[in-house]
Amino acid sequence: MNLIEIYIQEVTRRLPEKNRSDIALELRSTIEDMLPDNYNEEDVKKALEKLGSPVSLASGYRDQPMHLIGPRYFDVYMSLLKMVLPIAAVISLISMLAEYFIGYTGSEAIINAALQLTGEGIWRIIEVGMQVFFWVTLTFAILERTDKGKEGIPLTASLQKWTPDDLKNITYVPKKKAISKVEVFGGLMWTAIWATLYFYANHLVGVYRGGNEGLEFRIPALNQDVLLQYWPIVVVVIVLEILLSLYKLIKGQWTKRIALFNTVVQIVGTIVFIIILLNPNLLSSEFTTFMGDLFTINPNQFKTSLTGGILFIYILSAAISVYDGYKKAKIGTEGQVR
């Protein structure tokens, strides 16, 4: 295990992206100058102990101070915020969409509905973010002021004083192997979007035409009664996708288990999607007739072409997701595919 590389990673990941490369080179050179020619692990530990906690060292490289919570708990505080905020935001958006579409009648112009949802969604995220920030900050502020430990000595995630041995519990994660918070948040958002479209397809998916108040929903593309026949297995897919996103958030990097879990989710989702899509009564006759007239083709031919195209795109995207997951899981600690 290369303690030096892990130590450098723990320092630079807390710094702005533009400064990481230069500081990593400088820090590596400093550590090498502190070591004898034929050094061993104990020599490395002594050198790193002299440099101190990666949190303290990183704070010295930063342009701005970290005084909101203080260096002792700041790293634990920020890690918790980064983990809780995306989850809280997604949950609030899902609940907002559910509340809106439960009372949606379909009479409102689509442009007005979209603007209303966008505005309310932004406000919900801000409101939830402020609530999470307030309570987490308050908790850590109280914790720091009631702590009898040494002031200024940063603690690890386990609330213990940092030692070089803590580096052994940290896995060096190459950039290509890492799972970002954006990826997790995007996965949860996608699940919320398609789940909303599924349960309210008769109000959202179909033909829109210009009206007095802008675009108005006229012809539903899907038979909602047919869709809702499959709701139990669709709920299973939704739960699996949410669990996968949370698993990614906890692990923070692609592993063989995550790749396997992702494969299971993609296979189950694909099977459910095929079963629903191949139902002959899924597309409404009014929609296929309208589209057939629009493209001057037989409605059945349009139906076959549309179903085949959607099926091909879905299976291709699922296959790419599975391949990409296993490819990232095989990347070693040096950043090379094994």
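**Terms and their grounds**

Trainee: Why is R13 called partly exposed?

Mentor: The relative accessible area of R13 is 41%. Buried requires under 20% and exposed over 50%, with partly exposed in between, using a 1.4 Å probe and protein chains only. The value for R13 falls in between, so R13 is partly exposed. Please note that this is a predicted model, in which local features need pLDDT of at least 70 and side-chain atom pairs count only at pLDDT 80 or more, while totals for chains, interfaces and linings use all residues. Residues are numbered from 1 along each chain as its sequence is written, and side-chain values use heavy atoms, with hydrogens and water left out.

Trainee: What makes the side chains of E10 and R13 a salt bridge?

Mentor: Their N to O distance is 3.1 Å. A salt bridge needs a side-chain nitrogen of Lys or Arg within 4 Å of a carboxyl oxygen of Asp or Glu, so the pair qualifies. E10, with a relative accessible area of 8%, is buried. Together with R14, the residues E10 and R13 are linked in a network of salt bridges. By this rule the chain has nine salt bridges.

Trainee: Why is it said that the pair of R28 and E5 ties together parts of the chain?

Mentor: R28 belongs to helix α2 (residues 20–34) and E5 to helix α1 (residues 3–12), so the bridge joins parts that are 23 residues apart in sequence. R28, at 23% relative accessible area, is partly exposed, and E5, at 25%, is partly exposed as well. A helix here is a DSSP run of H or I of at least four residues and a strand is a run of E of at least two, numbered from the N terminus. On that basis the chain comes to 13 helices and two strands.

Trainee: What makes K248 and E183 a salt bridge, and why is K248 called buried?

Mentor: The closest N and O atoms of K248 and E183 are 3.6 Å apart, and the pair is a salt bridge. It links helix α10, which holds K248, with helix α7, which holds E183, across 65 residues. K248 has a relative accessible area of 12% and is therefore buried. E183, at 27%, counts as partly exposed.

Trainee: How do you know that N262 is buried?

Mentor: Its relative accessibility is 2%, so N262 counts as buried. N262 lies in helix α11 (residues 256–277). Neighbours within four places in sequence aside, N262 is in contact (heavy atoms within 4.5 Å) with L244, W254, S321 and V322. Other buried residues of α11 include I258, V265, V272 and I276, and the buried residues of this helix pack against α7, α9, α10 and α13.

Trainee: Which residues touch the most other members of the largest nonpolar core?

Mentor: They are Y198, L222, L227, V234, I276, L282 and F287, in a core of 23 residues. α7, α9, α10, α11, α12 (285–294) and α13 (299–329) each supply at least two residues of this core. Such a core is a set of buried Ala, Val, Leu, Ile, Met, Phe, Trp, Tyr and Cys residues joined through side-chain atoms within 4.5 Å. Sequence neighbours within four places aside, I276 is in contact with Y198, L227, Y230, V234 and L282.

Trainee: Why is the pair of F295 and F302 called stacked?

Mentor: Ring centres of Phe, Tyr and Trp (its six-membered ring) must lie within 6.5 Å; planes under 30 degrees apart are stacked, over 60 edge-to-face and the rest tilted. The centres of F295 and F302 are 6.2 Å apart and their planes are at 15°, so this pair is stacked. F295, at 46% relative accessibility, is partly exposed, whereas F302, at 10%, is buried. F287, F295 and F302 form one aromatic cluster.
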